[in-house]
Amino acid sequence: MLDTCKLKSACNLPFVYNKKINTAGTSNADVPLADPGMYQLDIILRRGQSLAARDRGGTSDPYVKFKIGGKEVFRSKIIHKNLNPVWEEKACILVEHLREPLYIKVFDYDFGLQDDFMGSAFLDLTQLELNRPTDVTLTLKDPHYPDHYLGIILLSVILTPKEGEHRDVTMLMRKSWKRSSKFQTQSLRLSDVHRKSQLWRGIVSITLIEGRDLKAMDSNGLSDPYVKFRLGHQKYKSKIMPKTLNPQWREQFDFHLYEERGGIIDITAWDKDAGKRDDFIGRCQVDLSALSREQTHKLELQLEEGEGHLVLLVTLTASATVSISDLSVNSLEDQKEREEILRRYSPLRIFHNLKDVGFLQVKVIRAEGLMVADVTGKSDPFCVVELNNDRLLTHTVYKNLNPEWNKIFTFNIKDIHSVLEVTVYDEDRDRSADFLGKVAIPLLSIQNGEQKAYVLKNKQLTGPTKGVIYLEIDVIFNAVKASLRTLIPKEQKYIEEENRLSKQLLLRNFIRMKRCVMVLVNAAYYVNSCFDWDSPPRSLAAFVVVEDMLEDEEEEDDKDDKDSEKKGFINKIYAIQEVCISVQNILDEVASFGERIKNTFNWTVPFLSWLAIVALCVFTVILYFIPLRYIVLVWGINKFTKKLRSPYAIDNNELLDFLSRVPSDVQVVQYQELKPDPSHSPCKRKKNNLG
């Protein structure tokens, strides 16, 4: 029979049991607290009862966080509109010191806003008996209002020692999440035993096709639906489809599989509402362990707690070549491995696995002169290496402003136009990691085998911050595969900072837009000068060209009827903010489009400019041998029959996909390398001090 204990909240330290656990079994009182051994804490989060209401409707959307030593080690799913939620979720946590209690905090999820605190409690691990299941009842309290009753949380826990591993194992994972527009980071501490915990063992390719007969959430009998996916710490949000109950998304993205048996993808559908909370349409789940590998599965999922279906395509594939190793283990220095990699990406293997474009090796050697982040005048830096949605991390070097990591990371390249991002953080015990600096390096600008000192930049990559990081990068890729991949949609990052309204950003986008408009105005003046015959040869040439190409086109503008609704003052403010953000984003897109066209002709990225020239030459040769009407006929047949041949194909425009790889002027500044200042080198300062 399971023993039951009731625990007081975190605000009522010291910890007191309502019922002691001194029956059969081995208590931790018999174990020396100085013992550095590792323990495994298995927790089942059962349910909550009589939780506090934080929403206007008299309900809450609760979820639970577990923390040890100030680090978040578990986060539950969100139970919508329920004060007596049932989770039944399992968590396995490695504990290094039993002196540190397990803190349990409950929050109410508010989309786009700061989540509301619903109470906290803690569990004293030194009072648990080893190898014995225990039912625990936690009373939630608010430290600022200790007399308020906020409900209870029910858990089942079992603490077991991890014998023989305590000398090699450190804390496995630390998650630090900030929701919606807040900056999101995920940090792990890497140990030799758990190094593979970062490395994914497979890839889940998901295509969101459509929704059918979704629930109407707006007064006009329609919805503005979008879908959110979550697999562990990985998240993805689809685009919003306005005013429809049968949306067609046609979006494709990938998640990483860290568990051999798979996992469960949580899917929620929402209705976008400007100026107020988004409406919940329904939820569903996909159990990946029930799906076979290397096969595409078409799933029609019924939405629970709502109406309608979602149609998905899900494919599970084996993992790509991703690894973490020390400097002593270098695959490119091994002659056989290097020859195998070169053979894999040789020109003779053009049509073998088109998604595997190349191989990237990153040596993260050391950093110097980092920013001070702790009150001790030091920092606890670790490094995050990202390539699109692939993310790996180094170990933490404690109390050091000149850390040495000496790690090698390898990635598979799916798009040669990707940007390698290396970010340095300070590990913080009590809160999320502090940002120390970042660099963004386009793969096409990398010089193989050269160790370089990169000046760290701020979060926006617009200016320098303190410190430099030493990297050595090698890129091997197949140029033909890379060229073909340029003409398909670019992979979107599923963890991105949401756009905020910024006066400075809005002004910058206006200036960029003005430059593009001025180019068009100057072009119009040039065309007008042709009509005025200011230069007879130029006007004559223009007359001949226009006679051949002039066509009349008519466009019809469809105007959507807008429903007039009465809104409060706060809702109007939110609506104005949404409109301003939309204007800001539209200006950015239009300005970026013009800048990308300009940078294509400016040879900002020589690979893309050469690709455009080769494509034009090939098209010219084809036109020489094949009449234009036949080419248009084949193109039209292909476009009209594409949906018949491949019903779930994702629509794309090859020209726009090409331009999406060309950097805008803002990105050119972000990717520009800064020259290190020799006077800031710690080595030089030491020499000066000795002198």
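**Close-up views of salt bridges and a buried serine**

By the rule that a side-chain nitrogen of Lys or Arg lies within 4 Å of a carboxyl oxygen of Asp or Glu, the count comes to 15 salt bridges. The model is predicted, so local features need pLDDT of at least 70 and side-chain atom pairs count only at pLDDT 80 or more, while totals for chains, interfaces and linings use all residues. Residues are numbered from 1 along each chain as its sequence is written, and side-chain values use heavy atoms, with hydrogens and water left out.

**View 1. The salt bridge of Arg283 and Glu305.** These side chains meet at 3.5 Å, N to O. Arg283 belongs to strand β19 (residues 279-287) and Glu305 to the loop between β20 (296-302) and β21 (309-318), so the pair ties together parts 22 residues apart in sequence. Strands (E, at least two residues) are DSSP runs, numbered from the N terminus. Arg283 is buried at 14% relative accessible area, whereas Glu305 is exposed at 52%; buried means under 20%, exposed over 50% and partly exposed in between (1.4 Å probe, protein chains only).

**View 2. The salt bridge of Glu472 and Lys363.** The N to O distance is 3.4 Å. Glu472 in strand β30 (residues 464-477) and Lys363 in strand β23 (residues 358-368) are 109 residues apart. Glu472 is buried at 16% relative accessibility, and Lys363 is buried with a relative accessible area of 8%.

**View 3. The surroundings of Ser76.** Ser76 is found in the loop between β5 (71-75) and β6 (86-95) and is buried, at 1% relative accessible area. The side chain of Ser76 reaches the backbone nitrogen of Val64 at 2.8 Å.

Methods
Helices (H or I, at least four residues) and strands (E, at least two) are DSSP runs, numbered from the N terminus. A polar contact is a pair of N or O atoms within 3.5 Å; within protein, one must be able to donate a hydrogen and the other to accept it, and residues adjacent in sequence count only if both atoms are side-chain atoms. Contact means heavy atoms within 4.5 Å. Lists of a residue's contacts leave out its neighbours within four places in sequence.
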